[in-house]
Amino acid sequence: MIGTWLLVISSDMNFENRLKQLHDALKSSERVLLIGHQKPDGDALGSTSGFYSWLKREGKKPTLYCKDLPAQQYKYLDAFFDYKDDIKVFDMKYDMVIMFDSGDMVYAGVDALIPKLPNSPTLVNIDHHKTNQFYGDVNIVNVEATSTCEVVARFFEANNVLIDSTMATSLMTGILTDTSHFSNAATTSQGMDVAGRLIASGARMNEITKYLLKNKELPILKIWGLALSRLHKNETQDIAVTFVTNEDFLKYGVSPNAVEGISNFLQGVTGNAESILVLHDRGDGTIKGSMRSVTRDVSAIAKLFGGGGHKLAAGFAIKGTIKETKEGFEIN
Ligand SMILES: [Mn+2]
């Protein structure tokens, strides 16, 4: 039955129809594995947890997996404690596997795990990144959406699924994360329309704002201060660069997630540079780079380093460590 459905979905049909086809296919699926990308952000967590809440309400048996568990700031999400980071979940049989907010399987950290799944379940890819590799059996990729959460909200709306307060809070988290609270270039009127309906559905805005925007503890503010004080502009490239080392995170006792949001903040205030690059050591032998720009296509630059993202907001991860030097920093 799934096979027939696959033939239908792989033909050229409009987005709305694809959303309906996925809904139909889920009717005959019992066990569903939901995967967000590693080091999950608000969009990966919002989309996976929103979908998870709905499947549970439908009496299904969904499993939530991320290579890394959610950061503490997301504990207001009802499914916060339901995320699993144990690769044993890939030993189980599923009817369907759905990947969220992941341009490819490497980005999600599951490229070696998916092929090992018993009974090769249907792989669904729900995303909004323009660098998406269409790696699923079914690909629901809308590059015009603000976020994967917006795509999921459209999935619910297209299928007349009631979005309850728990689901609305999850989905709102991704829209707010990826639009930097409606302040960056990803912001669209359609995204704001969806957000308005999510508020009407009971999205807990006070909680989201409190945890995501206002919950900056002193050590985190100090790391931000450090990153801001190190800003250096490369005049030739018209790019402002800063960095945070693993020693910095250890010194202030905060996780590398503490730098989340710095590049968005700088995009808004650094009128003197076309682009922003924030490098930080993840403490696991990798360095993450976050790029923002005014007009330059930074996703093309991120791609050179094996990353991806959007034209004005992209990122990558490379192997190495960052050390502070007299001149600035070096990567080893
Ligand atoms: Mn996203």
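Modeller: Domain bounds here come from an automatic or database domain assignment. This is a predicted model, so local features need pLDDT of at least 70 and side-chain atom pairs count only at pLDDT 80 or more, while totals for chains, interfaces and linings use all residues. Residues are numbered from 1 along each chain as its sequence is written.

Colleague: OK, how is the protein chain divided?

Modeller: Into domain 1 (2-212) and domain 2 (218-331). Their C-alpha centres lie 27 Å apart. The contact between them takes 10 residues from domain 1 and 12 residues from domain 2; two residues are in contact if their C-beta atoms, placed from the backbone, lie within 7 Å.

Colleague: By class, which residues has the side of domain 1 that touches domain 2?

Modeller: Three nonpolar, six polar and one charged. For the classes, Ala, Val, Leu, Ile, Met, Phe, Trp, Tyr, Cys and Pro count as nonpolar, Asp, Glu, Lys and Arg as charged, and the others, Gly among them, as polar.

Colleague: Now the cores. Which residues touch the most other members in the largest nonpolar core?

Modeller: Leu 34, Ile 98 and Val 124, in a core of 56 residues. A nonpolar core is a set of buried Ala, Val, Leu, Ile, Met, Phe, Trp, Tyr and Cys residues joined through C-beta atoms within 7 Å. Buried means 20 or more other C-beta atoms within 10 Å of the residue's own, exposed means 12 or fewer, and partly exposed is in between, with C-beta atoms placed from the backbone.

Colleague: And what is Leu 34 in contact with, leaving aside neighbours within four places in sequence?

Modeller: Thr 48, Phe 51, Tyr 52, Pro 62, Thr 63, Leu 64, Tyr 65, Ile 98 and Phe 100. There's also a second, separate core of 26 residues, which includes Phe 243, Ala 258, Val 259 and Leu 266.

Colleague: Let's do helix α3. How many of its residues are buried?

Modeller: 14 of 16, so α3 is mostly covered. Helices (H or I, at least four residues) and strands (E, at least two) are DSSP runs, numbered from the N terminus. The expected span of a helix is 1.5 Å times one less than its number of residues. For α3 (residues 42-57) that gives 22 Å, and its end C-alpha atoms are 22 Å apart, which agrees. Just after α3, Gly 59 takes a positive phi of about 80°.

Colleague: Which residues other than glycine have a positive phi?

Modeller: Ser 180, at about 50°, and His 181, near 55°, are among them. Most residues other than glycine have a negative phi. Ser 180 is found in the loop between α6 (165-178) and α7 (189-200), and His 181 lies in that loop too.

Colleague: How many C-beta neighbours does Ser 180 have inside 10 Å?

Modeller: 19, so Ser 180 counts as partly exposed. His 181 is partly exposed with 15.

Colleague: Switching to Tyr 94: buried or exposed?

Modeller: Buried, because 24 other C-beta atoms lie within 10 Å of Tyr 94. Tyr 94 sits in the loop between β3 (83-84) and β4 (96-100). Beyond four places in sequence, Tyr 94 is in contact with Arg 31, Val 32, Leu 33, Leu 117 and Pro 121.

Colleague: Last topic, the six-stranded open sheet. What order do the strands have?

Modeller: β7-β8-β9-β10-β12-β11, with mixed pairing. Two strands pair if DSSP finds at least two bridges between them. The edge strands are β7 (232-234) and β11 (308-309), each pairing on one side only.

Colleague: How does β8 pair?

Modeller: β7 and β8 run antiparallel, joined by three bridges, with Lys 233 partnered by Ala 240. Their hairpin has four residues between the strands, and Asp 238 there takes a positive phi near 55°. β8 also pairs with strand β9 (residues 275-281) in the parallel sense over six bridges, where Val 244 stands opposite His 280.

Colleague: And why is β8 largely enclosed by the rest of the structure?

Modeller: Because six of the six residues of β8 (residues 239-244) are buried. Ile 239, Val 241 and Phe 243 cover one side, and Ala 240, Thr 242 and Val 244 are on the other.
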